[in-house]
Amino acid sequence: MMDAIQFQLNGTKTSYSGDAANRLLDVLRDTYEMTSVKCGCKEGECGACSVLIDGMLINSCCVAVGSVDGCNIVTLEGYRETKRFAALNKAFASTAAAQCGFCIPGMVLAAEALLSKIPHPTEAQIRDGLSGNLCRCTGYNAIVNAVHLAAKGGNGLW
Ligand code: FES
Ligand code: FES
């Protein structure tokens, strides 16, 4: 029998003893009830299933849970406890950047991945950083403005 797969999930030591070939997306939603991780396409195209794995933005639909052994996984459920989330949340609210909301958990984690590398990005860098995340509602401009505002308002957080 295979050893259980061990990882940190939002700061909690977690052990998964199911099939290592299961999609991380399905495991996060079905086993750990991390329903901020959305299932859009299951083909790596939409970014709705984005999570941070060791700080990198990853489409969890394209990852077998067996490959995250020893990794640190953050979903929006964990990230929303941070000051950085508070800055992004305020900025998204003040620019009305969320409409249906389906893409927003992934967008927020994409913004975190971007700002942790580039604390004061240009518009082009923001658009590039969000380019793997699709939004069917907003036309993107409000989301780009939100990230710009968070970068300004959250000075020192990233
Ligand atoms: S559900 Fe993973 S990229 Fe669309
Ligand atoms: S707000 Fe609806 S998909 Fe982005």
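I took the radius of gyration over C-alpha atoms, and the globule rule is 2.2 Å times the number of residues to the power 0.38. With 158 residues a compact globule would have a radius of gyration near 15 Å, and I noted that the chain has 15 Å, which agrees. This is a predicted model, in which local features need pLDDT of at least 70 and side-chain atom pairs count only at pLDDT 80 or more, while totals for chains, interfaces and linings use all residues. Residues are numbered from 1 along each chain as its sequence is written, chains are lettered from A and ligands numbered from 1 in the order in which they are written, and side-chain values use heavy atoms, with hydrogens and water left out.

Next I looked up the elements, where helices (H or I, at least four residues) and strands (E, at least two) are DSSP runs numbered from the N terminus. I found 6 helices and 5 strands in the chain, running from the N terminus as β-β-α-β-β-β-α-α-α-α-α. Of the 158 residues, 42% count as buried (under 20% relative accessible area, with a 1.4 Å probe and protein chains only).

Then I turned to α3 (residues 83–94) and α6 (residues 141–153), whose axes come within 8 Å and cross at roughly 135°; the axes are lines fitted to C-alpha atoms over the stretch in contact, and angles run from 0 to 180 degrees between N-to-C directions. That makes α3 oblique to α6, since angles under 35 degrees count as roughly parallel, over 145 as roughly antiparallel, 65 to 115 as roughly perpendicular and the rest as oblique.

How values were computed:
Buried < 20%, exposed > 50% of the residue type's maximum accessible area, 1.4 Å probe, protein only.
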